[in-house]
Amino acid sequence: MKLKKQVTVCGGAIFCVAVFSLYLMLDRVQHDPARRQNGGGNFPRSQISVLQNRIEQLEQLLEENHQIISHIKDSVLELTDTGAVSPSGQLPFRSANGSWVLPFDGRPTFLSVKPQDCQFAQGHRGQTDLQMLDIYSLLKFDNVDGGVWKQGFEITYEPGEWDSEPLQVFVVPHSHNDPGWVKTFDKYYTDQTQHILNNMLVKLTEDPRRKFIWSEISYFAKWWESSDTHKQEAMRKLILGGQLEMVTGGWVMTDEANSHYFAMIDQLIEGHQWLEKNLGVTPRSGWAVDPFGHSATMPYLLKRANLTSMLIQRVHYSIKKHFSSSRSLEFMWRQAWDTSSNTDIFCHMMPFYSYDVPHTCGPDPKICCQFDFKRLPGGRVNCPWKVPPRAIVDANVAERAHLLLDQYRKKSKLFRSKVVLVPLGDDFRYDKALEWDQQFLNYQKLFDYMNSHPEMHVQAQFGTLTDYFSAVYKASGVPQGFRPPGYPVLSGDFFAYADREDHYWSGYYTSRPFYKTLDRVLESHLRGAEILFSLAVAHARHAGMEGRYPTSDYTLLTDARRTVALFQHHDAIAGTAKENVVIDYGNRLLHSLQGLKRVIINAAHFLVMKNKDVYRFYQTEPFLETDDRRATQDSLPQRTLIELDQSGPRYLVLFNPVEQDRLCVVTVLVNSARVRLLTEDGQTLPVQLSAQWSTATQMSAEVFQVCASFMVRLPALGLAVFHLYDSADSPMTLRSDTLLRLSDRGLTVHNVEPLPLRSQAADPLPFYVSTQSLTLGFSGTTGLLESIRRKDSPQEVKVQMQFVTYGTRSSKDKSGAYLFLPDGKAKPYSQKGPPVVRVVEGPLFSEVVAFYQHFQQTVRIHNVPGADGLSLDVTIMVDIREQSNKELAMRLVTDIQSDDTFYTDLNGFQMQPRRHFLKLPLQANFYPMPSQAYIQDSQYRLTLHSAQALGVTSLESGQLEVILDRRLMQDDNRGLGQGLKDNKKTANRFRFLLERRSIETEAEPGNHFPSLLSHMTSAILNHEVLALPVLPKKRGIPPLHTFAPLKAAVPCDFHLLNLRSIQHQDTNSPSSYTALILHRKALDCGLETINPGFNCTTTEGQLTVSSLFRNLDLQLLQPVSLSLMYSSPPLGNDSSVSLEPMEISAFRLRLR
């Protein structure tokens, strides 16, 4: 009672002082009209200016008053919080087994997954005629010489085959424009692309029979924006008249191995939104001639965007040959989980080696090259087969037409219809007016001859891609996009790609991992910025404050969307561009990342203001700091230092980009070991202090810096506010216990007070670190992980981490940016001396760091309930810049009886079963791993979650192996002209998740999906919490509050992929519409379900959007296609939307 009285008296006294201060301030304003805010400039001495000035001063004084009240609250909290107790009234303590027991907020969490939501994963996969894994088992991959078509076979036909139904030939002129490869995007545009588009305008207009297709909207948009209205109108006329077709319509022709589905969708939306705004056209057909292998995700996304047909090219030559021999090059591509035909899309696979002219008219490149009229004698390009093209004249047209028709007929024999597609183009073709004339005039003479000779039974013309597909559908008597009778259905994907011999393009799955990592950081920031910006604008609109919110940030969002989109190009994220082009991409990525941090900070500023009336935005005075900084495009991020002092609290805003509440450990960098952390309502949280290190054995001592880690519960998609104090030691602030295991007695150990540091001689016995959920065993010799034991299991599971290296061949072709051509099996990584091993233990996290010459391994476990505490947080810092022709791999060796089967993800969207085939070379058994891979048996599943795309394999039962970086000193003869010598110090980030099957059964033979816990683990790895310190203000900080945007919990099998502000039709600002993109994930419920740390329910795919967002009104709910181009009738605002498992759906919303 006595304490309460003291608190009341003190609080009352402070309040009286505050009120009296405000009175004095107002009095000063009344008697001092000349007072200037911040010493601002000289205003005119008119009555209006004086009045305006007084209003500004009053606003400032109100803010200062809010600050005083805020400090009163903090002071009262300081007085009441004498015992510094946690919410549950406990202090952290160590249990008998040595693991720390933490006070926990005690909120009950529940897990309620409906049985119906588990049935999808238990069902059998859809039946298809062609399953790619079965085809791999079937094929010999023997590479027999096929004659003129080296990788195929001899094609024959009967002369009368087309008598009753003439052959229809569509020659499709195209130019493949890489948005960066050997030159930068801008250099290509200046040197070539702008000329291609300018010439196109002139040359297509000359003859209405001429056609052309264009794919890369990034280039087209650049041309459009630099063209006058006459050029724009002429181009629009060509498109609307059907002479020029926009194919796929993405910002780029995306890589399909390393790209994440968030970015694949985003670059498609960016292209389609641009087309809709500027041209009003909707792409119908997909065109992907250059990605190095093809993913099953792409047909799903194109189908959801309402495209009806698609084309692919780079597929393993043995598969092309097999499909050619069975006339299966055209098929309906169906998703593996689809038991109906809802996901089917018609796909055409090009049969020959390349998309250039020698490999597109028919099976004989020596003949086809003679019909590439850019190679006429006297030009720069010639035919390697030593027979040049001849210009078409009356004297030779008959012979030339018959020679070409023979190739067309042979090609058509590989397909089921009497319609043949003949692409006519190559990289950056048609950049000179001369080539347009050479190709179009000579081909028109050939077509005129063929079409005027009915005995040839052919109708040949220029066409677009959709002209070809329409003719196929018409010949088969089916509507656009429907399955022609007798055509096969296929499921699976087309990795790994080989273009000849044993040249597998599996190196680029890892090439330049630094930028693969940076790409994903940018994607996570883009998604977070989109969501916060959309919410901030909607809340500003709701509060009638639209004019005061910086909607100009939309230009930063647009810039970042286009950077992310550009980087999905198949020579960008693939890591297969020249060094100067990589630097250009890197600068763009960094610039956009900085822009997105600004968008996030500005939105967070508005959303955490308790009283929106005192909100002021100053472009030059940010309210918050960023969580980290990057000095240059190729440097690692440095955490922002939060400087504490005795004068008062520093405020910290934490952003949780995940759509579920999150219980997790967050670490910030502070300048004091006397740190105390309070929640918004004044509860003290446990803090674990640990050192910043300058070397393996020395703590950083330049400026005193200490890592403060704390456990927090954050609202879904929300912003939580915390107070940091520099105050006398709190029993809730605990120091890490750090031990250095040294084998070299000459090493000096340097610690910084007050952080304790011990050292001991390393011994070979294993050692262990524990939390309440996990116990990890480590080798005493190597310091590397050896085993994982879950607290609910007596069994220690072997999970042994090894590092191995691959060399490259000593003769002939060697590994390069694209190809992986190893010199045999991997060799164990070795270095002269044993590593330094650092063991850090504490109440919130424990970690083991092993220092090797070319990498350091950090394995950290978090002592928190739920998803964050159930997996191992692993970072491998790799630096192989001293190596030559070496690839470094991490191998996990376990007792899991996985045999020859393992599972890798496609684009973070779906899992694909793989088999290790002994009949294939080692490099053929590597696959892309954008986000995860796992092995399993009847008892356990071990998942390797990845924050960046890398190449993965399983070469023995119970193993998973991932390539971390590759340094290669030579080109691999695929056009790049360079090796990979620009390696960076790279942080590869993973989560290892060991799960036990709830019943000992073989995993379902049909579909393959992650568990709920695995989905959550992937989300927390890929969407880190952003810690944004509030900058100190001279005039104080106005009251802040936690922003929790969701009124109702999102079902935990739903992922909110994006909440994207839709562009205004006339300006570069946001419209009043927002796109909500949802993905319902499929769950494997056969693994033990552990408390995820948040309330988790599923709803059989139902979601009521109107009850989703707190304090916002839903005024429109309209289903749209994935790229927002096609709209369905609006639903009632209180309708619930329904998604099937694996479905991605988009909706247009109006929120205010």
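Helices (H or I, at least four residues) and strands (E, at least two) are DSSP runs, numbered from the N terminus. By that convention, Val608 belongs to helix 17, which covers residues 579-608. The structure is a predicted model, in which local features need pLDDT of at least 70, side-chain atom pairs count only at pLDDT 80 or more, and totals for chains, interfaces and linings use all residues. Residues are numbered from 1 along each chain as its sequence is written, and side-chain values use heavy atoms, with hydrogens and water left out.

Val608 has a relative accessibility of 0% and therefore counts as buried; the term means under 20% relative accessible area, while exposed means over 50% and partly exposed in between (1.4 Å probe, protein chains only). Apart from neighbours within four places in sequence, Val608 is in contact (heavy atoms within 4.5 Å) with Val653, Leu719, Val721, Pro1039, Leu1040 and His1041.

A UniProt annotation from an unreviewed entry, "domain: Glycoside hydrolase family 38 central", covers residues 503-589. UniProt positions are given in the numbering used here, feature names are shortened, and annotations may be inferred rather than shown by experiment. Over residues 503-589 the chain is 63% helix and 0% strand, with 31 Å between the end C-alpha atoms.

Lys814 sits in the loop between strand 31 (797-806) and strand 32 (827-828). Its relative accessible area is 24%, so Lys814 is partly exposed. Not counting residues up to four places away in sequence, Lys814 touches Thr808, Arg809, Leu821, Gln970 and Asp972. A polar atom of the Lys814 side chain lies 3.3 Å from the backbone oxygen of Ser810. Between Lys814 and Asn278 there are 536 residues in sequence and 46 Å in space, C-alpha to C-alpha.

A pocket here is an open set of points, on a 1 Å grid over the protein atoms alone, where a 1.4 Å probe fits, with protein on both sides within 12 Å along at least five of seven lines; lining residues have an atom within 4 Å of a point. Of the 37 residues that line the second largest pocket, Val381, Asp426, Asp427, Phe428 and Arg429 are the closest to its centre. Helix 5 (185-206), strand 12 (419-427) and helix 13 (433-451) each supply at least two lining residues, and the largest share, three residues, comes from helix 13.

Technical notes
A polar contact is a pair of N or O atoms within 3.5 Å; within protein, one must be able to donate a hydrogen and the other to accept it, and residues adjacent in sequence count only if both atoms are side-chain atoms.
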